Amino acid sequence: MKTIILIFLFIVSTGSCQEKKENNAKNKVTMKKTPIIYGIDYDIQNHFQILVNDDLVAQNFEDIKSSAFLPINEYLLSNKKAILKVKLYKSAKKQYITKELYKNFSLKIMFCKNNLFEGFSLLQEISIPKEIKEESYIEYTYFLNVDFDKLNPILGWYSSKNLAENESNLLKEVQGYYIKVFNILNSGSYNDYYKIIKKREEEVLLAYFDAPEILQEQDDEKEKVQQAKGLMNSIDFSKYSLKFYGDGRLITLEDKNGDSPLYYEDKDYKRIFGILLHRPKSGSPLEVIR
């Protein structure tokens, strides 16, 4: 039986119970009465990336089948059509993508009308051609049938500046921001960390209608930050490069596997902190948005 995995990308915890109450009160000012949650359910045996509005939702570059269920409300920006992209890549051992990949490809858009992530129904089934002819890389684009009238308004990076248009000194600025975040995490100060991810925190809570799953993830993230004290792995910037998302409006640092340079290791796992930066307007400093 396939394990259903709820992964909330870049979700963080509130600084205190009081902060949670303040955030929730603020969200309820514009909160829709009937929650609706959208997600993707996939099962793919190939190297791939799945993006919504050009923001990475899932990827796999290992020669194994990958399957999961992932909520996507945080990627559904107000005033923007919901565009899903599927990028397929050949494996390192093959010259081309498997011709009949469709036999091992399943991607469904699901929805439920509650914030408990229960009772999902099929909204849209995504299909690929039944034969891919000698391609080492191919990309497919789909419009999602999302009812924005039932979603809470999320601005995200919709009106942010296009960072790809002017890359001068951008690498230095991004690396400087990562050093700042590294120092905060290495101090174990969740209060200082919360200050830089507050906007992301508020929008994700709003996107998922204050879902209990989200609040639990936030509690877990707070503990992870506190445990990072003195354990953060030093950043070797030579292993990381700039990666643009959001049609050039989002930027991050990734290694060849798509991992963030912000992490520490305990006896069981590698604990990673991923951030996506944007510039709200010309001349403003970079900020965390996801």
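Leaving aside neighbours within four places in sequence, Cys112 is in contact (heavy atoms within 4.5 Å) with Pro35, Ile36, Ile37, Phe117, Glu118, Gly119 and Phe120. Cys112 belongs to strand 6; helices (H or I, at least four residues) and strands (E, at least two) are DSSP runs, numbered from the N terminus. With a relative accessible area of 1%, Cys112 is buried. Between the C-alpha atoms of Cys112 and Leu123, which are 11 residues apart along the chain, the separation is 9.6 Å.

The structure is a predicted model, in which local features need pLDDT of at least 70 and side-chain atom pairs count only at pLDDT 80 or more, whereas totals for chains, interfaces and linings use all residues. Residues are numbered from 1 along each chain as its sequence is written, and side-chain values use heavy atoms, with hydrogens and water left out. The predictor's confidence in each residue is the pLDDT, on a scale from 0 to 100. Its mean over the protein is 90, and 90% of the residues reach 70 or more. Over residues 1–19, however, the pLDDT is below 50, although this stretch has 64 contacts in the model beyond near neighbours in sequence.

The protein has 4 helices and 14 strands. Of its 290 residues, 49% are buried. Among contacts in the protein with a separation of 6 or more, 73% are accounted for by residues 24 or more positions apart.

The interior is described next. A nonpolar core is a set of buried Ala, Val, Leu, Ile, Met, Phe, Trp, Tyr and Cys residues joined through side-chain atoms within 4.5 Å. The largest such core has 33 residues, and those with the most contacts inside it are Ile40, Tyr42, Leu84, Leu88 and Leu107. Two or more residues each come from strand 1 (37–44), strand 2 (47–52), strand 3 (55–60), strand 4 (66–71), strand 5 (83–89), strand 6 (105–112) and strand 8 (137–143). Strand 1 gives the most to this core, with 4 residues. A second, separate core comprises 29 residues, including Leu170, Ile184, Leu185 and Val225. To return to Leu84, its contacts, not counting residues up to four places away in sequence, are Ile40, Ile50, Leu51, Val52, Leu107, Ile109, Tyr140, Thr141, Tyr142 and Leu144.

Leu116 is partly exposed, with a relative accessible area of 42%. Its C-alpha atom is separated by 9.5 Å from that of Tyr208, 92 residues apart along the chain. Phe117 has its place in the loop between strand 6 and strand 7 (121–126). At 11% relative accessibility, Phe117 counts as buried.

Most residues other than glycine have a negative phi. Phe117, although not a glycine, has a positive phi of about 60°. Asp247 likewise has a positive phi, near 55°. Asp247 lies in the loop between strand 9 (241–245) and strand 10 (250–254), and its relative accessibility of 38% makes it partly exposed.

Another loop, between strand 13 (277–278) and strand 14 (287–288), holds Ser284. Ser284 counts as buried, at 10% relative accessibility. Ser284 and Lys161 are 123 residues apart in sequence and 9.7 Å apart in space, C-alpha to C-alpha.

On a 1 Å grid over the protein atoms alone, a cavity is a set of points where a 1.4 Å probe fits but cannot get out, and a pocket is an open set with protein on both sides within 12 Å along at least five of seven lines; lining residues have an atom within 4 Å of a point. Grid points are joined across faces, edges and corners, and a volume is the space filled by probe spheres set on the points. The second largest pocket has a volume of about 250 Å³. Of its 17 lining residues, the closest to its centre are Gln45, Asn46, Ser91, Lys94 and Thr98. The count of cavities of 30 Å³ or more is 2. The second largest cavity contains about 30 Å³ of space, and is lined by Asn73, Leu76, Leu151, Asn152, Ile154 and Ala207.

Methods. Buried means under 20% relative accessible area, exposed over 50%, partly exposed in between (1.4 Å probe, protein chains only).
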